[in-house]
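Open the model in a viewer and keep the selection panel at hand. The stops below say what to select and what is there.

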Amino acid sequence: MEPKSFYKTAYWDVRENDRLPFIQEAARWLQAREPVAFPTETVYGLGADACCDEAVQKIFTAKGRPADNPLIVHVSKRQQLWSWGVAENRSVEAEKLMTAFWPGPLTLILPKGSAVAETVTAGLTTVAVRMPDHPVASALIEESGMPLAAPSANRSGRPSPTRADHVWDDLHGRIAGVLDGGETGIGVESTVLDISGDAPTILRPGGITQEMLKAKGVDARLDPGLLRSQQTPKSPGMKYRHYAPKGELWLVEGEPERMRKEIQKRAYAARLEGKNVGILTASEFLDGYEADQVLSCGSVLDPSSTAKRLYQVLRTFDQAGVDVILSESFSRDKVGAAVMNRLEKAAGGKVIRV
Ligand code: TXA
Ligand code: MG
């Protein structure tokens, strides 16, 4: 479905100090039930009043997002969850996790409060909540005086935006405005942790890792749907081909030497078929390949640099008109687990093991 009206999307540069007037303008659009994009520490979000179905519906329309995929509600203070009717059943477990990781890239699945719009939770009895660790996001929530339902600010299925120009490319003409707070820090979305059932379960790996949870005494298991099985993931969003560049992405896994040989072999074969070929590698191996575009996602020794660059690099392949992307697999250590999860989603099952 196309948006009802064409928006003259505003661009607000809030990278410098005097950002309040722009944040106030953005907040007025939110109060007028119009969607606005803003930076968080993970990726850019597309926000709307989480208590208003009409406003939230515009997020789904702008993104072209399937209606059965629920959104995360963002708050700037823990108290707002209960006072704004976002969540219910304040639990010791939830409070412990919030104390340890908020503000930060941890989304919690809690029993839903009565004020949250039905469209936000796609009819579920639970709600996803998080407190972003970004001054622009907090200021926007404070100024607008509302909880913000916000998915990543990309067209549905595209790589998440880590810069305001990514949002602009995907959504200008479809939303009221975008606040440019510069490049986001983490680069992949928050960890989604379900604490509404018996055992804490990670539904989506992200900035807060299983080990970090463990260090705070929380033994979280991975949703079996995340592992390579036929089970349906519990987080509705994880079942779609996602985070995907326009070019067809193949993920190659295995012993490093064999993996690189296989990638180069396939790259030559694809070029013989007349395809524009991209290779996604680490900075250490940038010079070892021949293809139309060889791009690095940071050092093999630093998963956080890979996370930060991943979506930008996927978008660069698109801009170069690459038909086929052959990607190395990266370390699953720390935030690397989230990186590999996104690459697997982007590959949509096209994984080669050598
Ligand atoms: O870092 C992030 O989390 C970013 C920034 C903008 O905050 N947001 C984000 O939102 O990634 P989105 O909509 O792209 O992803 C939300 C994920 C989806 O996989 C969705 O299915 C899941 O959270 N989710 C939301 N509500 C849920 C619920 N009640 N139960 C299970 N999964 C839920
Ligand atoms: Mg998303």
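Contact here means heavy atoms within 4.5 Å. This is a predicted model, in which local features need pLDDT of at least 70 and side-chain atom pairs count only at pLDDT 80 or more, while totals for chains, interfaces and linings use all residues. Residues are numbered from 1 along each chain as its sequence is written, and side-chain values use heavy atoms, with hydrogens and water left out.

**Glu 328**

Select Glu 328, in strand S15 (residues 324–328). Helices (H or I, at least four residues) and strands (E, at least two) are DSSP runs, numbered from the N terminus. Is Glu 328 buried or exposed? Glu 328 is buried, at a relative accessible area of 1%; buried means under 20%, exposed over 50% and partly exposed in between (1.4 Å probe, protein chains only).

Show the side chains of Thr 281 and Tyr 289. The Glu 328 side chain makes polar contacts with that of Thr 281 at 2.9 Å and with that of Tyr 289 at 2.7 Å. A polar contact is a pair of N or O atoms within 3.5 Å; within protein, one must be able to donate a hydrogen and the other to accept it, and residues adjacent in sequence count only if both atoms are side-chain atoms. Leaving aside neighbours within four places in sequence, the contacts of Glu 328 include Leu 251, Met 259, Arg 260, Phe 285 and Leu 343.

**Helices H10 and H11**

Leu 343 also belongs to the next stop, the contact between H10 and H11. The axes of H10 and helix H11 (residues 336–347) come within 8 Å and cross at roughly 35 degrees. Axes are lines fitted to C-alpha atoms, for helices over the stretch in contact, and angles run from 0 to 180 degrees between N-to-C directions. On H10, select Pro 303, Thr 306, Ala 307, Leu 310 and Tyr 311; on H11, Gly 336, Val 339, Arg 342 and Leu 343.

**Helix H7**

Move to helix H7 (residues 164–171), where Ala 164, His 166, Val 167, Asp 170 and Leu 171 are buried. Looking down the H7 axis, the buried residues fall within an arc of 155 degrees, so they line one face of the helix; the arc is that of the directions from the helix axis to the C-beta atoms. Their cover includes helix H2 (53–63) and helix H10 (303–319). H7 lies across S1, S2, S3 and S8, at about 165 degrees to S8. Just after H7, Gly 173 has a positive phi of about 85 degrees.

Key. Chains are lettered from A and ligands numbered from 1 in the order in which they are written.
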